[in-house]
Amino acid sequence: MSSEQEVLSGPPAPELLDDRIWVDGCWDFFHHGHAGAMLQARQLGTELYVGVHSDEDIFENKGPTVMNLRERLSAVDACRWVTRSVAYAPYVTQLDFISHFGCKYVVHGDDITSDSSGEDCYRFVKAAGRFKVVKRTPSISTTDLVGRMLLCTRTHFIKSLEKVLAGEEGSGTEAEKKSEAEAMLKRIKQYATDESGKSPGADVYFWSASKAAKTEATEEKGSFHPLLKGHGPKPGQRVVYVDGGFDLFSSGHIEFLRQVVLTEEKLAKNEGWYDQQAVNERRGKGADYGPVFVVAGVHDDEVINYWKGVNYPIMNIYERGLCVLQCRYVNDVIFGAPFSPTKSYLTSSPWGTPDAVYHGPTSFMPLSYDPYKAPKELGIFQEVPHHEFQGVNAGTIVQRIMKSRDLYEERQRKKGMKAVGEAEHREREILEEKQRLKEEKIASAT
């Protein structure tokens, strides 16, 4: 039995449902463009089924994947608007396959996707009148991100997201800055919606402070500025804080966030959160909900580059923030969070001192001091257990691409992107090596 046959081995859906929408794709190192497609698809119905192509099918039709199937499924399952992921979805969408899951309509962006023979991947569903088109998210794609890595560019960095969203920074005329700011703010509002994709969900804040306070462990209080109002913590929920760069939002980040929620759910279970009486009380006041409210602090581009060098982050703070916002394991995003969550920062948050501050089992950043000294002293520091994706981060992904440079360059050429010469490739290698030596020196001094 093939993998595809195994996926179809269960009983078929009894009928096709207008509100059960199907989308499919590669979803390679998940970015906000992917999430945007899923959001628009979910808004067309009440359920969203997402097909994920196999590594083999993608290689045959498009080129090598950066992330393997398990990693790509992890990213899809973490998207707030996804009802169910379906592995081994055929590269050319088949009517019998989507009908097996009760999906009447297939949704895709307004760009053309072709198979290895140059034919439209959605020709069969289009002929059957079961195809709907949504707008492609501009200025972001897997191909764009691969290009940033191969060319080692920094033009994507944002100095102050708050000023960009106010139309005060950016490229172009004043009118163009204002228009871009409005489009970016609109997208943040869309990505902060709840599971339906239609109502407010996540809270969004900025944290303003000096560069020193954001990059080093200084006790500068700074200030929180609300950007969007969501649901906020509900009665009884524990507020927990996580932070990071979340660059190239990958399976390592996603599994860390999932483990945070699982750890809190286990704690809540031991304290009776899921007892029937407690559940009934919450339902009696409106609806049941989970025991944890996760606040995610996202570092500025300047902060990440200060510590990691080269041209990290590969995604700017706006792009990384959208990736975190769409994640079902996150309830609040703080743009511009400090590298080290100090006592002044933690105790002055809009919700007061968090019940816990979580960190993962590994660190991508070279550290000359312990950035979690304050939460440890407050007795609220927690580490999630080791997991299968703990070694996956932005550096890992860049190395995967550099290792298979020729294959990815061919993929770029097929997309009409500029090829990378030996000089550019060597430049990245030199910068990465300098950064590695710098990190070794820091590590030996601590």
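How many bridges join strand S2 (residues 47–52) to S3? Read on for the answer. This is a predicted model, where local features need pLDDT of at least 70, side-chain atom pairs count only at pLDDT 80 or more, and totals for chains, interfaces and linings use all residues. Residues are numbered from 1 along each chain as its sequence is written, and side-chain values use heavy atoms, with hydrogens and water left out.

**View 1. Strands S2 and S3 run parallel.** Four bridges join S2 to S3; strands are DSSP runs of E, at least two residues, and helices are runs of H or I, at least four, numbered from the N terminus. Look for Gly 51, which stands opposite Val 86 in S3.

**View 2. Five strands make an open sheet.** Their order is S3-S2-S1-S4-S5, with parallel pairing (two strands pair if DSSP finds at least two bridges between them). At the edges sit S3 (84–87) and S5 (131–134), each pairing on one side only.

**View 3. Helix H2 packs on the sheet.** H2 touches S1 (17–25), S2, S4 (103–109) and S5, where contact means heavy atoms within 4.5 Å. The direction of H2 makes about 140° with that of S2 (axes are lines fitted to C-alpha atoms, for helices over the stretch in contact, and angles run from 0 to 180 degrees between N-to-C directions).

**View 4. Helix H2 (residues 32–42) also packs with helix H9 (residues 174–191).** Their angle is about 65°, and their axes lie 11 Å apart. H2 brings His 32, Ala 35, Gly 36 and Leu 39 to the contact, while H9 brings Arg 187, Gln 190 and Tyr 191.
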